[in-house]
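Please open the structure in your viewer and keep a selection tool at hand. The tour moves from one selection to the next and says at each stop what is there.

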Amino acid sequence: RFPKVRPLGISATLQDSEKDFYIVNKNNIKIGIINYSGLTVKGITSKNKFMVNTLVKKKVEEDLPKLKKEVDFLIVCVDWGEKSSSLPSKIQIMWAKLFAKCGANLIIGNYPSLVQPVTHVRADNGKTALVMFSLGSLVEDNGKKTSFLGALANVVVSKANNKTYISSYSLIPTLNHKTTKEYTVYKLTEYNDDLGKEVDPSFSLQKLKKSCKMRMGVFGHCY
């Protein structure tokens with residue numbers, strides 16, 4: 001249905017799992033993307049473990065350096081952390097440093113329903129990576145009418161003198177707008193008080209923008 005969308009982190013066959021990454025060549029920059037799940041996978045038998053690319057230290061240490069040799073810039077997407085936590089856990093930080101050590105340039109996390117900090121981590125070998133620990137919820141359903149604050153990653157990758165680097169980065173705040181009838185995702189800049197009051201009569205866009213600023217700081221375009 002969506003032929004241009006490449007799912008990562010899941011495989012139908014063992015052979016597919018051995019090449020469970022994506023390489024895109026854009027403006028003479030080769031970008032590699034790989035996805036891991038740090039969550040417990042239930043209902044999958046041991047013989048079918050290949051179906052989900054879970055976090056295993058040895059596998060990460062093999063995957064990333066190998067992929068890094070093929071690309072100019074390496075992105076690791078990862079499902080990790082604790083639900084409804086606004087701060088990364090020690091385990092998230094540990095994995096982020098390992099990703100950086102193995103060659104990751106950008107790490108984008110998901111699973112916590114809240115947006116978590118954007119920062120750089122430095123591995124013990126001196127390599128660094130930009131980490132967006134959690135982009136929060138793009139679409140969320142807790143059984144109620146809600147407006148969840150999430151974010152999209154806005155990262156510009158540049159290349160000069162045969163070196164590839166991040167020239168700018170920020171978060172684009174989003175709203176998961178859920179009424180009793182439908183879901184809609186808005187950019188915060190497109191949202192207004194009338195829409196918010198469809199979900200909650202006491203909704204205040206000004207309060208939401210303050211919450212956005214508190215969670216995303218200088219990286220979020222909250223106003």
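Predicted model: local features only at pLDDT ≥ 70, side-chain atom pairs only at ≥ 80, totals over all residues.

**The largest core**

Begin by selecting L171, L188, Y191 and M216, which, among the 25 residues of the largest nonpolar core, touch the most other members. Then colour the elements that each give two or more residues to this core: the strands β2 (29-37), β3 (73-79), β4 (106-110), β6 (128-132), β7 (146-160) and β8 (163-178), together with the helices α4 (193-199) and α5 (205-216). The greatest contribution comes from α5, which gives 4 residues. As background for this stop, nonpolar side chains in soluble globular proteins tend to be buried together.

Stay with L171 and display its surroundings: leaving out residues up to four places away in sequence, L171 touches V115, V118, M132, L135, A151, L152, M216, F219, G220 and H221. Next, select Y36, L64, L74 and L98, which are included in a second, separate core of 24 residues.

**The pair α2 and α3**

The crossing in which α2 passes α3 is right-handed.

To see the side chains involved, select K57, V60, E61 and L64 in α2, which meet W95, L98 and F99 in α3. By type, the residues of this contact divide into 5 nonpolar and 2 charged, with no polar ones.

Move to L55, which lies in the loop between β2 and α2. Is L55 buried or exposed? Its relative accessibility is 16%, and L55 therefore counts as buried, the cut-off being under 20%. When its neighbours within four places in sequence are left aside, L55 is in contact with Y36, S37, G38, V60, V78, W95 and F99. For one of these, S37, a C-alpha to C-alpha distance can be drawn: L55 and S37 are 5.9 Å apart in space and 18 residues apart in sequence.

**Two residues with positive phi**

Select N27 in the loop between β1 (22-26) and β2, where the backbone has a positive phi of about 50° although N27 is not a glycine. N27 is exposed, with a relative accessible area of 67%.

Then go to Y111, in the loop between β4 and β5 (118-122). Y111 is not a glycine either, yet has a positive phi of about 115°; with a relative accessibility of 32%, Y111 counts as partly exposed.

If you then draw a line between the C-alpha atoms of T184 and L64, it spans 36 Å, while the two residues are 120 residues apart along the chain.

Finish at V5, in the segment before α1 (14-17). V5 is exposed, with a relative accessible area of 56%.

Conventions. Residues numbered from 1 in each chain as written. Heavy atoms only, no water. Core = buried A, V, L, I, M, F, W, Y, C linked by side-chain atoms within 4.5 Å. Buried < 20%, exposed > 50% of the residue type's maximum accessible area, 1.4 Å probe, protein only. Contact = heavy atoms within 4.5 Å. Left-handed = near helix turned anticlockwise from the far one by under 90°. Nonpolar A, V, L, I, M, F, W, Y, C, P; charged D, E, K, R; others polar.
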